[in-house]
Amino acid sequence: MKATKVQGRIWVLTDPQGQLYDDIDTDQIFHNRYLHITDVAEMGQYALDNLEGWEDFSEKAQPGDIVVAGGNFGAGSSRQQAVDCFRALGISAIIAESFGAIYKRNAINSGLPIVALPRLTGMAEAFQTGDTLKVDFTSGEIVLDGQVYQAQPFSQVQMDIYQAGDIFAYGKALEEK
Amino acid sequence: MGYTFAEKVLARNVGLDSVEPGQIIIARPDKLLSHDNTAAISRHFYKIGLERVHNPDVEVIVLDHVVPAASEADAINHRTIREFVAQQGISGFYDVGTGICHQVLPEKGHAWPGAVIVGSDSHTPTHGAFGAFAAGIGRTEAAAVMATGKLWLRVPATFRIVVEGQMPERVSAKDLILHIIGDLRADGANYRAVEFAGPAIAALSMAGRMVLCNMSTEMGAKNAVVEPDDTTRAWLAGRVTRAYDEIHADADASYERILTYDVTNLAPQVAKPHTVDNVCPVAEVAGKRIDQGLIGTCTNGRLEDLEAARDILRGKHIAESVRLLVLPASREVLLAALEKGVIADLVEAGATVLNPGCGPCLGAHQGVMAPGEVTISTANRNFKGRMGSKEAFTYLASPATVAASALTGVITDPREV
């Protein structure tokens, strides 16, 4: 059984004015010039290097860290690397106000935990880079500084794929039933 | 109570009487589209330990993103794909020069009303123009679809966008969809099905409908559709040989939102750097110096787009300070444009005509920018750094606006030339 609760240090993706970034697109997460890379191990170093203020993210992030972002995280192209670069870095979860539709699928199918926290942008001051938070994938509860926030829990298919590992392991498990 | 287009197509695909938004279904796509990323998909596929794809007739693979190969890595990538296609007996393979995947797929008869089409490319919703349910998926799950023929889908809720009025001269579908995206924003239709309807939509050619469905991705839509009518059937005749059953939304379907627009007084629009929803009328940025114009891409690379440019440029010459790149979206489009003298007119006006393919849209080759440069483009994305330098700027616009701007050397309202 994989862990359904994780705890980690957060990186809150804010712009140079200190506002939580909305609409971070996959070009900013993983630029075109690296698209020929298909080995996941090589992707981590380029994560977010096209997002203003976060070009050195891969040097700072540690396995187990959690990324926090605004609305529509992962908008734009369907490139798989935009999900895999975070897996390569050992990011344990991404919490955003909402996700781009294809990014969401890619993340779920790769077993990268993503959690949507509606109205996060309105509460953004409570989330500061360097804080530690806990997130429970089953209940959707996020605990930070003693405060509890209700995010969307994993859907059943998301949890099933996460527990299986990824979409292929999940498919195999279904076939075997 | 009736059902929306998406609800009806998906229910039929899985053999249920009906489905509800939010419901997870296991769909069996009729077609799976992929392109230069097929090599990576096939690696996933072999990694699962399988040898044969579930059904080779489902796969449609088009080499378009970096064609011809711009580097040794690209060439090896293409070769890997050709080997995979041969091993698996995939007949729906289209090599370098055939065109952009979203143009080639319908040209070759792989889209039809009521079909369920998925693709490992975010602009797969383009094929909703043919009355199909068409959605983008990721590369990982494209491999899963190749292996099993199935994928999980959450039934989307639907927005209905009704458009009335008559499109003014020199104003086109691209201006309409930019205007809508400017209203709804980059996530305004997130995970929604979008239905385009109304007299202004019915008056659009297939090319115009493809523009709307293609760009719907940029407001987060899961899929978009223009329901089939005589225009659709006429275009598909001779291309689609199978029998198909059209799907139409019920008159009493339940929509999450219904929006109405009137194009009667619509002005040409642009999306300013660096987001697609940063939209304003062209007049507000008129006079801005440009270095390069691009007419092409899966959004606006069709004959009617090249003709719109030709109508503005014929007998004239683009400004000396400007490069104008023209990329017909497919070999078929290129041949038609050659036959009608459109290519000659554009070349004589100073355009650089490139081969069918995605070209500079994603900054791979054929028109990458230097720091400080400005391109006005008919593409669908203008994110920072997408076309090369992070210090370059891309404005999105219609073919007419791009042509008018190339003529003068500055962003120009096409109604004024």
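View 1. B:H274 is found in the loop that lies between β12 (269-271) and β13 (279-281) of chain B. In this predicted model, the peptide bond that joins B:P273 and B:H274 is cis, and its omega is about -5°.

View 2. Between β3 (59-62) and α3 (72-88) of chain B runs the loop in which B:P68 has its place. The peptide bond leading from B:V67 to B:P68 is cis, with an omega near -10°.

**View 3. Positive phi at B:R185.** B:R185 sits in the loop between α6 and β9 (193-197) of chain B, and its phi is near 75°, a positive value in a residue other than glycine. Is B:R185 buried or exposed? Because 21 C-beta neighbours lie inside 10 Å, B:R185 counts as buried, the cut-off for a buried residue being 20 or more.

**View 4. Positive phi at A:N72.** In chain A, the loop between β2 (66-69) and α3 (81-88) is the place of A:N72. Although A:N72 is not a glycine, its phi is positive, at about 60°.

**View 5. The open sheet of chain A.** Strands of a sheet pair through backbone hydrogen bonds, and this pairing may be parallel or antiparallel. In chain A, 7 strands form an open sheet with mixed pairing, and their order is β4-β3-β2-β1-β5-β6-β7. β4 (114-116) and β7 (147-150) of chain A are the edge strands, each of them pairing on one side only. On average, and with direction ignored, neighbouring strands of this sheet are turned by 30° against each other.

**View 6. The pairing of β5 and β6 within chain A.** Strand β5 (residues 132-136) and strand β6 (residues 141-144) of chain A run antiparallel and are joined by 3 bridges. Opposite A:V135 stands A:I142, a residue of β6(A).

**View 7. The two domains of chain B and the contact between them.** The domain assignment divides chain B into domain 1 (5-14 + 21-242 + 254-261) and domain 2 (269-416). Taken over C-alpha atoms, the centres of domain 1 and domain 2 of chain B are 24 Å apart. The contact involves 32 residues of domain 1 of chain B and 33 residues of domain 2 of chain B. On the side of domain 1 of chain B that touches domain 2 of chain B, α4 (101-107), α6 (173-184) and α8 (206-215) of chain B each supply at least two residues, and α6(B) gives the most, with 6 residues. Which kinds of residue make up this side of domain 1 of chain B? The residues there divide into 11 nonpolar, 13 polar and 8 charged.

**View 8. The contact between chain B and chain A.** From chain B the contact takes 32 residues, and from chain A it takes 28 residues. Both α2 (38-47) and α5 (139-148) of chain B supply at least two residues each to the side of chain B that touches chain A. To this side of chain B, α5(B) gives the most, with 5 residues. The residues of the side of chain B that touches chain A divide into 12 nonpolar, 11 polar and 9 charged.

Notes: Residues are numbered from 1 along each chain as its sequence is written. Chains are lettered from A and ligands numbered from 1 in the order in which they are written. This is a predicted model: local features need pLDDT of at least 70, side-chain atom pairs count only at pLDDT 80 or more; totals for chains, interfaces and linings use all residues. Domain bounds come from an automatic or database domain assignment. Two residues are in contact if their C-beta atoms, placed from the backbone, lie within 7 Å. Helices (H or I, at least four residues) and strands (E, at least two) are DSSP runs, numbered from the N terminus. Ala, Val, Leu, Ile, Met, Phe, Trp, Tyr, Cys and Pro count as nonpolar, Asp, Glu, Lys and Arg as charged, and the others, Gly among them, as polar. Two strands pair if DSSP finds at least two bridges between them. Axes are lines fitted to C-alpha atoms, for helices over the stretch in contact, and angles run from 0 to 180 degrees between N-to-C directions. A residue is buried if 20 or more other C-beta atoms lie within 10 Å of its own, exposed if 12 or fewer, and partly exposed in between; C-beta atoms are placed from the backbone.
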